[in-house]
Amino acid sequence: MSNPGSLHTMNLFSRFFQENQEKFLAFAYSYLRDKAEAEDVLMESMIVLWENRDRWEENSNLHALLLTIIKNKCLNLLEHKQVRLRAEEDINSHSQRELSLRISTLEACEPDQIFDTEIQHIVHKALQGMPEQSRTIFMLSRYQNLPNKQIAEQLNISLKTVEAHMTKALRILRLELKDYLASILF
């Protein structure tokens, strides 16, 4: 193969490839460290070299041309991997920060406090939905600790009416808190 220009025929080019394939493959593999990728780069490089055969000069050093093509393809591949790895590191870093935040939030979590806050919210919501007189009687009884008799006198209603409204208010609250009562009792 002393005359590279004579390689313009497919048979001679194939022979050039066969004779030099192992060293070109070794060159690509030494940088890529992946046999399949090195083989792909070598094949793509040979195709590029063949497709550009009309640009070869009579004195072209095809070994150097092919090594240059392989070098550039390996560089592109490695740079692409580098960009992808940086993006993955950024994503992993973000995921790690988010995971750390979730762990620290969970460690600081006080279930009793959450439970109490939720119950208070449900009670408040249930009270807002009660008829006004039932709500007033319940609040006087439970929040101001007034006995039923004193509530009846204060609101100028009968003791039976106070008891009926308390029964109604407690029924509404029991219904709203049924899921929480079940978890407390079991």
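Me: Buried means under 20% relative accessible area and exposed over 50%, with partly exposed in between, computed with a 1.4 Å probe on protein chains only. What makes Lys 73 partly exposed?

Reply: The relative accessibility of Lys 73 is 25%, which lies between the 20% and 50% limits, so Lys 73 counts as partly exposed. This is a predicted model, in which local features need pLDDT of at least 70 and side-chain atom pairs count only at pLDDT 80 or more, while totals for chains, interfaces and linings use all residues. Residues are numbered from 1 along each chain as its sequence is written, and side-chain values use heavy atoms, with hydrogens and water left out.

Me: Where does Lys 73 sit, and which residues does it contact beyond its neighbours within four places in sequence?

Reply: Lys 73 is part of helix 3, where a helix is a DSSP run of H or I with at least four residues, a strand is a run of E with at least two, and both are numbered from the N terminus. With those neighbours set aside, Lys 73 is in contact (heavy atoms within 4.5 Å) with Val 41, Glu 44, Ser 45 and Val 48. Lys 73 and Leu 42 stand 31 residues apart in sequence, and their C-alpha atoms are 8.9 Å apart in space.

Me: Why is Ser 141 called buried?

Reply: Ser 141 has a relative accessible area of 9%, which is under the 20% limit, and therefore it counts as buried. This residue lies in helix 5, residues 132-142, and, not counting residues up to four places away in sequence, Ser 141 touches Leu 146, Asn 148, Ile 151 and Met 166.

Me: Why are helix 5 and helix 6 described as oblique to each other?

Reply: Helix 5 and helix 6 (residues 148-155) pack at about 135°, with their axes 10 Å apart; the axes are lines fitted to C-alpha atoms, for helices over the stretch in contact, and the angles run from 0 to 180 degrees between N-to-C directions. Angles under 35 degrees count as roughly parallel, over 145 as roughly antiparallel, 65 to 115 as roughly perpendicular and the rest as oblique, so the pair of helix 5 and helix 6 is oblique. Thr 136, Ile 137, Leu 140 and Ser 141 on the helix 5 side meet Asn 148, Ile 151, Gln 154 and Leu 155 on the helix 6 side. The residues of this contact divide into four nonpolar, four polar and no charged, where Ala, Val, Leu, Ile, Met, Phe, Trp, Tyr, Cys and Pro count as nonpolar, Asp, Glu, Lys and Arg as charged, and the others, Gly among them, as polar.

Me: Why are helix 1 and helix 3 called roughly parallel?

Reply: The axes of helix 1 (residues 10-32) and helix 3 (residues 62-108) come within 10 Å and cross at roughly 30°, and an angle under 35 degrees counts as roughly parallel, so helix 1 and helix 3 receive that description. The contact of helix 1 with helix 3 is made up of 13 nonpolar, two polar and three charged residues.

Me: What makes the pair of Lys 35 and Glu 39 a salt bridge?

Reply: A salt bridge needs a side-chain nitrogen of Lys or Arg within 4 Å of a carboxyl oxygen of Asp or Glu, and the N to O distance between Lys 35 and Glu 39 is 3.6 Å, so the pair qualifies. These two residues are four residues apart in helix 2 (residues 35-51), and therefore separated by about one helical turn. Lys 35 is exposed at 53% relative accessible area, whereas Glu 39 is partly exposed at 34%.

Me: How many salt bridges does the structure hold, and why do Arg 102 and Glu 98 form one?

Reply: There are six salt bridges in the structure. The closest N and O atoms of Arg 102 and Glu 98 are 2.9 Å apart, which is within the 4 Å limit, so this pair forms a salt bridge. Arg 102 and Glu 98 are four residues apart in helix 3, which means a separation of about one helical turn. Arg 102 is partly exposed with a relative accessible area of 48%, and Glu 98 is partly exposed with 34%.
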